[in-house]
Amino acid sequence: MFQPNYLLFVSCCLLLSIQAAAEPGFQVRITKRGLDYVNENAVKTLVAELPAKNIPDQSERSGSLEYTLSQIRIPSIQVPSSEVTLVPGNGLRWSASNVGLSVQANWRVRTTGWIKVSTSGSVGATLSGIDFGITINVGQDANGRPSISSAGCQSNIRSVSLNIHGSLAFVLNLFKGLLERKVKSIIPGLLCDQVTKLVNVNAQTEIQKLKVTIPLLGNRFLLDYRLIMPPAFTSLYLQTYHKGEITWAANPSSPPFSPQPIPSSEDSSKMAYLWISEYLPQSLAYAAQSNGFLRYNLTGQDLQPGNKTFLDATCNGLSFCIGELFPAIANKYPNSKVEMQMSSSQIPTVQMRPDSLGASFTGNIDFYAHTPSGQGASLFTLNVSVSMDFSASLSNDMIMGKILSTRINVGVQSSVIGPLDASNINTVVQSAMELFIVPQLNEVGSRGFPLPKVDNIKFVNSELRILQGALMVATDVQYGV
């Protein structure tokens, strides 16, 4: 089972790098509070897992004395003082002091001199004043994921107290010194082996599961969270710069513009901070426009049951349909169905400003009549520009969006049914927005926009802040959920 200590290192690897050659579209930071929580969970797992470690039997000969330790086990370990610290420019260091643990084993001794003795018993050892420290390198692999490895571990023991059970006191007296030295020699290695395994095996395995590319919108788009440079460290926090870009999945090319610098912040009251640059949704807009995604032919079948007749040319006693707004359609094409062929004419823009989010669209709407005989006829073409205000909220690791208001400006590009009343063309476009476009966009927004995280991590006590050119998520984290 994936344990919280692995998340110690995995979480750190998500959040590292302060100076980048290129600006990021996505950025994450872990503060000292985050590292303290990481350390707390790492120690809990070490205390739980070290007693379960399988320790090989130990045999040694000293002069005429041969002994073997078997069934070696560590019933308990206590770690009263530990921390994960930042090593500016290098990485992390996990260290502990005044660690205490107990060791139990069976022993067997025999002498090979002129007096031959063979005896056995059990021993209990109490070790105190143990220190350990492991340096952790965090880098970037070929796939843009964080990589993690141990750069060395050191451990030492200040004192060992033995309680040996068995017969033949003179043998036990000969044996005691040897046993103390043996325990002192094997335990530091065992302790370093365990903490190194947590880094090199467990943490690295989990990092490889981290999704740095995520398909979106029916797999048409690809969200790219790959690192753009190896991680870096400061004395106050660790931070990563990520690509933070959305491309067309079938043709994943970057847009012809670059991210702007993400606003700086010295806030460290939360465990972690995540910044989403304005570049990220703007890259989505570019990919959508460049690949013809922003086109849709709206018919009555797309509307809710109570509104399906809105695009009918003949109202048939209904109080509201497009034929009532434009009598020329009803007169020239009775009982026809009108289709609105909507297309964006330029790349939409996204604006992130302090405490406000907005987007702007410009495009055309071509109106066509489909007669009962199956013939089609062009009616008129409108130029439309739409500005939207929307809200953003956070649900664990998902950014949710909702449209708050729209402003529409409509002009007539051409008409084959005569002059068009300005009020009526605004009404038909506004109705299409309210009946279909806004609900569809809100549906997409309710699915959420995924933030990168490892399994079993939950964002808690989160805040979402709108800055100049970026969204910032300030959050604490909870492991093991």
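The backbone oxygen of proline 56 lies 3.2 Å from a polar atom of the glutamine 58 side chain, a polar contact being a pair of N or O atoms within 3.5 Å, of which, within protein, one must be able to donate a hydrogen and the other to accept it, with residues adjacent in sequence counting only if both atoms are side-chain atoms. This is a predicted model, in which local features need pLDDT of at least 70 and side-chain atom pairs count only at pLDDT 80 or more, while totals for chains, interfaces and linings use all residues. Residues are numbered from 1 along each chain as its sequence is written, and side-chain values use heavy atoms, with hydrogens and water left out.

Glutamine 58 is found in strand β2 (residues 58-62); strands (E, at least two residues) and helices (H or I, at least four) are DSSP runs numbered from the N terminus. With a relative accessibility of 17%, glutamine 58 counts as buried, where buried means under 20% relative accessible area, exposed over 50% and partly exposed in between (1.4 Å probe, protein chains only). Apart from neighbours within four places in sequence, glutamine 58 is in contact (heavy atoms within 4.5 Å) with Tyr67, Thr68, Leu69, Ile72, Lys182 and Ile186.

| Residue | Location | Relative accessible area | Contacts beyond four places in sequence |
|---|---|---|---|
| Glutamine 58 | β2 | 17% | Tyr67, Thr68, Leu69, Ile72, Lys182, Ile186 |
| Glutamine 194 | α3 | 6% | Leu46, Glu49, Leu50, Lys53 |
| Aspartate 267 | loop between β13 and β14 | 22% | Arg29, Tyr273, Arg465 |

Glutamine 194 counts as buried, and its C-alpha is 27 Å from that of arginine 61, a residue 133 places away in sequence. Aspartate 267 is partly exposed, and its side chain is joined to that of tyrosine 273 by a polar contact of 3.0 Å. Aspartate 267 and alanine 474 are 207 residues apart in sequence, with 9.0 Å between their C-alpha atoms.

The structure holds 2 cavities of 30 Å³ or more. On a 1 Å grid over the protein atoms alone, a cavity is a set of points where a 1.4 Å probe fits but cannot get out, whereas a pocket is an open set with protein on both sides within 12 Å along at least five of seven lines, and lining residues have an atom within 4 Å of a point. Two or more lining residues come from each of β3 (65-78), β5 (91-111), β6 (118-140) and α3 (169-208), and α3 gives the most, with 4 residues. The lining of this cavity divides into 10 nonpolar, no polar and no charged residues, with Ala, Val, Leu, Ile, Met, Phe, Trp, Tyr, Cys and Pro counted as nonpolar, Asp, Glu, Lys and Arg as charged, and the others, Gly among them, as polar.

The second largest pocket holds about 230 Å³ of space, and its lining, which includes Glu206, Lys209, Asp397 and Pro450, divides into 6 nonpolar, no polar and 6 charged residues.

Helix α4 (residues 279-290) has 12 residues and should span 16 Å at 1.5 Å a residue, which agrees with the 16 Å between its end C-alpha atoms; the expected span is 1.5 Å times one less than the number of residues. Because 9 of its 12 residues are buried, α4 is largely enclosed by the rest of the structure. Among the elements covering these buried residues are β10 (221-224), β14 (272-277) and β16 (337-344). Just after α4, glycine 292 takes a positive phi of about 65°.

Terms used. Points joined across faces, edges and corners; volume = space filled by probe spheres on them.
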